[in-house]
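Student: I have a model open and want to go through it with you. Can we start with the loops and then get to the ligand?

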Amino acid sequence: MTTCDVIILGAGPYGLTAAHHLRQIQGLELRLFGEPMSFWEHNMPRGMFLRSAWTATQLADPQRALTLENYQMECGNHFHTPVPLDRFIQYGKWYQRKANPYLDRREVTRIESDPKGFRTTLSDGEQITSKRAVIAAGIGSFAWLPPEFAGFPSSLVSHTSKHSDFSMFRGKQVLAIGGGQSALESAALLHENGAAVEVIVRSRIINWLQGWASTTLHYRLGKMTKQLLYAPTDVGPAGISQLMARPDLLRRLPRGLQNRLRKRSIRPAGSRWLVPRLKDVPIHLGRSVVSVAAIGERMKIRLDDGSERTADHIFLGTGYRIDVSRYKFLAPELASSIRTFNGYPILTAGLETSVPGLHILGAPGAWSFGPLMQFVSGTLYASKALTRRISENGHVR
Ligand SMILES: Cc1cc2nc3c(=O)[nH]c(=O)nc-3n(C[C@H](O)[C@H](O)[C@H](O)COP(=O)(O)OP(=O)(O)OC[C@H]3O[C@@H](n4cnc5c(N)ncnc54)[C@H](O)[C@@H]3O)c2cc1C
């Protein structure tokens, strides 16, 4: 059996940047597994734009060389904000080739405890033991289907993350459920792909980002004001953004306050550039779904105002609910040893779980380190914290 110091599972923004940072530790034997940028390529809609600002779309790099600017210069692939999804994927793959050319694309089927630390099994049966294991597997396992929509065939009801190509819905009637970016942008893309789409939103309002106040604070009052109120990580509203950018400070606040700030920072919202694209799409606000039924090849829903809708397909832009025990590759005994709160692992410095040597990066880290962990801009904090933890403690557990 092969051995190494650290294995990293996942080649999205968090896994790629963590591996690049850990490579700076001399003598550390590291293995990185996963398909680069695969969630972005297969589980986000083609034609999507990133919601995050330019500064918040940079993948962390200890030398600050693998930036969006340098990618554009080297590849002649020019774009600006909002960053198109396909360009971001190309940037991520460029980063991977430059920083992590030794990436191993095999799937990890199992991580379990081992007397030496952890044992990782790959899709072809090969096993590797390591002193530490870093999970950067993203949110793909946590797509949330409200119970009333469960149990229907995926040809009739599906989560937005199950699609990247919307052209198959041309000429179809589709209902999109949700009032956040995923539901709204999916609705715009469905409409542009020739589907007849309606959106059902439980809330009475849609929070459109980049409104008058935000635009004034960002652009009209000068660079100094912007820099004072908004951190480059761009998570959270004016002022709160600076706190969200500092997870070590945020962690010291009382839990109730942390929760309130977190909720305020990541409430469901849509980018303002979607407004003109949705002008011909009916959006029903303040409406809940009370019943759902399949009628032959179509779906029928009843809303709380008594009205009914039928459609060829229901699209659920209903978000994600973290529950690390749903990572299929985690051996049940190992998963049950991880201390959690509401499905989130309780992490300590270096994003380490209660199982020494087992780290979890990305969105599952949000309960411990705040909503920054749910975004690309959190890769800098996470990679540095992980590297610090591993170098301070030697390579061993
Ligand atoms: C529709 C949508 C739009 C978004 N837009 C933005 C945005 O504009 N800006 C932003 O900052 N964030 C955005 N996000 C959030 C975004 O998902 C995260 O910022 C980012 O993907 C987190 O990176 P990650 O590395 O944690 O996860 P991922 O990018 O999901 O990467 C996970 C990696 O793990 C690998 N993996 C999983 N299981 C295994 C296994 N068993 N074996 C081997 N490899 C495995 C996958 O192949 C993948 O490479 C968006 C999310 C959604 C759903």
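Student: Leaving aside neighbours within four places in sequence, which residues is proline 82 in contact with?

Tutor: Proline 82 is in contact with Phe49, Leu50 and Trp273, where contact means heavy atoms within 4.5 Å. Before we go on: this is a predicted model, in which local features need pLDDT of at least 70, side-chain atom pairs count only at pLDDT 80 or more, and totals for chains, interfaces and linings use all residues. Residues are numbered from 1 along each chain as its sequence is written, and side-chain values use heavy atoms, with hydrogens and water left out.

Student: Where is proline 82 found?

Tutor: In the loop between α3 (68–75) and α4 (85–99). Helices (H or I, at least four residues) and strands (E, at least two) are DSSP runs, numbered from the N terminus. The peptide bond from threonine 81 to proline 82 is cis, with omega near -10 degrees. Most peptide bonds are trans.

Student: And how does proline 82 count by relative accessibility?

Tutor: Proline 82 counts as partly exposed, at 26%. Buried means under 20% relative accessible area, exposed over 50%, and partly exposed in between, with a 1.4 Å probe and protein chains only.

Student: Next, phi. What is the phi of asparagine 342?

Tutor: Positive, about 50 degrees, although asparagine 342 is not a glycine. Most residues other than glycine have a negative phi. Asparagine 342 sits in the loop between β14 (340–341) and β15.

Student: Is asparagine 342 buried or exposed?

Tutor: Exposed, with a relative accessible area of 63%. Leucine 351 also has a positive phi of about 50 degrees and is not a glycine, but leucine 351 counts as buried, at 0% relative accessibility. Its place is the loop between β15 and β16 (358–360).

Student: Switching to helices. Which residues of α10 are buried?

Tutor: In α10 (residues 255–265) they are Gln258, Leu261, Arg262 and Ser265. They lie on the same side of α10 because they cover an arc of only 100 degrees around the axis, the arc being that of the directions from the helix axis to the C-beta atoms. An α-helix has 3.6 residues a turn, so residues three or four places apart point the same way.

Student: What do the buried residues of α10 pack against?

Tutor: Against α8 (240–244), α9 (247–250), β15 (344–345) and α12 (366–369). The face turned away from the buried side of α10 carries the exposed residues Arg260 and Lys263.

Student: Now the ligand. How many residues surround the ligand?

Tutor: 27, and the closest are Glu35, Ser38, Arg51, Val108 and Val376. A residue is near a molecule if one of its heavy atoms lies within 4 Å of it. By class, the shell has 16 nonpolar, 8 polar and 3 charged residues. Here Ala, Val, Leu, Ile, Met, Phe, Trp, Tyr, Cys and Pro count as nonpolar, Asp, Glu, Lys and Arg as charged, and the others, Gly among them, as polar.

Student: Which helix gives the most to the shell?

Tutor: α2, with 3 residues. α1 (13–22) and α2 (38–42) each supply at least two.

Student: Which polar backbone atom is 3.1 Å from a ligand oxygen?

Tutor: One of alanine 11. A polar backbone atom of proline 13 is 3.2 Å from an oxygen atom of the ligand.

Notes: A polar contact is a pair of N or O atoms within 3.5 Å; within protein, one must be able to donate a hydrogen and the other to accept it, and residues adjacent in sequence count only if both atoms are side-chain atoms.
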